[in-house]
Amino acid sequence: MDQITTLPDAATAAASPPIAEASSPAAPAPDEIEATAVCAADIVLTGDRPTGPLHLGHYVGSLASRVATQDVVARQYVLLADMQALTDNAGEPAKVARNVIEVALDYLAVGLDPARSTFVLQSGVPELSELTALYLNLVTVSRLERNPTIKAEIEMRGYQRDMPAGFLCYPAAQAADITAFDATLVPVGEDQLPMIELSNEVVGKINRLAGRAVLTPARALLSSTPRLPGVDGRKASKSLGNALSLGAAPAEISEKVRAMFTDPGHLRATDPGTVEGNVVFAYLDAFDPDRAGLEALKAHYRRGGLGDMAVKRRLDGILQELLDPIRHRRARFARDPDEVMRLVRDGTERARAVAAATLRRVRQVFGLGRRIA
Ligand code: TRP
């Protein structure tokens, strides 16, 4: 059984470190899952596929929490999951390779500190691939095919039986990521819960095989933030160009805010408007630090007499203020790409030593204790 912890949304997270009161009654916690707090002893693992620069949805859904978490826990690993990105981007390896540094820049820009968050390049830890190969012996094809997130992704990408085998198996690889670093806590969106469940199944099987605790099970840390929509109200995605990237220039921010989908029935400022499904309010919900002011604004909008432009001006100001320091930090680090990659290499080396120790233990369980070459 997974245990779930929730974090406050980014608007609160940005204002104050949220960890102490890390539970929200509004969080979508399935009943069989128990809320738990972030502990000082926790080893946290999070990661992103480097398929493009990160955007505001990543910020509100996970990056802001990671910045808060890095000060509280024993260790936080942040995985640049290039191997996983290749499971459905093998036709565009250059895209994945190019975006490793973009995502690393995003990490640095939002305030992840390599001294407190270990940056790990997945392909730089070949032990993960060996762990994956061993774990695949403990996971059935039907178990992989039943994974609801994989099922949804297969449908979205239109794969039939033509999906890459590596894609079907990536949850086993993710179990390798989680266990390799002895992670106890994995902050995720709801779609990633099945991955943690599978990982814990592998942990159970290995530990039963060994007759002792070789691997550590992990808890899920579920973000309480609803998914941030794209400016057009569809799912935010790089290919649709409807997301606001963390490095966006001021003019692009204003332009995207101006283009945001509002309430199509709200034709004149005097008309009553709807807040639900209104993208501008979804962003204000996520980022407006003045919660009381926002509630008053919503009431006014619902009542009528408040134009879209006034609401968009408020959002534009908030986003400019939020992204300005992030963009500047990003640009500063971008001037020295060698230094950025040195930070990644450094973290990867340290992480590799931990993964190698885990692999030694797992090899032993499979009777592969002795390396002959
Ligand atoms: N699957 C995650 C995503 O698509 C990325 C990821 C890879 C990850 N390995 C991980 C997340 C381990 C948490 C833990 O965003």
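I began at the start of helix 12, where a side-chain oxygen of asparagine 278 comes to within 3.2 Å of the backbone nitrogen of valine 280. I count as a polar contact a pair of N or O atoms within 3.5 Å, where within protein one must be able to donate a hydrogen and the other to accept it, and residues adjacent in sequence count only if both atoms are side-chain atoms. I am working on a predicted model, in which local features need pLDDT of at least 70 and side-chain atom pairs count only at pLDDT 80 or more, while totals for chains, interfaces and linings use all residues. Residues are numbered from 1 along each chain as its sequence is written, and side-chain values use heavy atoms, with hydrogens and water left out.

Next I looked up the cover on helix 12 (residues 279-287), and seven of its nine residues are buried, that is, under 20% relative accessible area with a 1.4 Å probe and protein chains only. The buried residues are Val279, Val280, Phe281, Tyr283, Leu284, Ala286 and Phe287. Helices here are DSSP runs of H or I with at least four residues, and strands are runs of E with at least two, numbered from the N terminus.

Of its 50 residues, Leu56, Phe287 and Leu319 touch the most other members. Helix 4 (residues 93-110) supplies the largest share of this core, nine residues, and the core draws at least three residues from each of domain 1 (2-229 + 336-365) and domain 2 (250-334), with bounds from an automatic or database domain assignment.

A nitrogen atom of the ligand lies 2.8 Å from an N or O atom in the side chain of glutamine 84; for glutamine 174 the corresponding distance is 3.0 Å, and for glutamine 192 it is 3.1 Å. The protein covers 87% of the 370 Å² of accessible area that the ligand has on its own, by the Shrake-Rupley method with a 1.4 Å probe.

Last, I checked phenylalanine 119 in strand 5 (residues 117-121), which is buried, with a relative accessible area of 1%.

Terms used: Core = buried A, V, L, I, M, F, W, Y, C linked by side-chain atoms within 4.5 Å.
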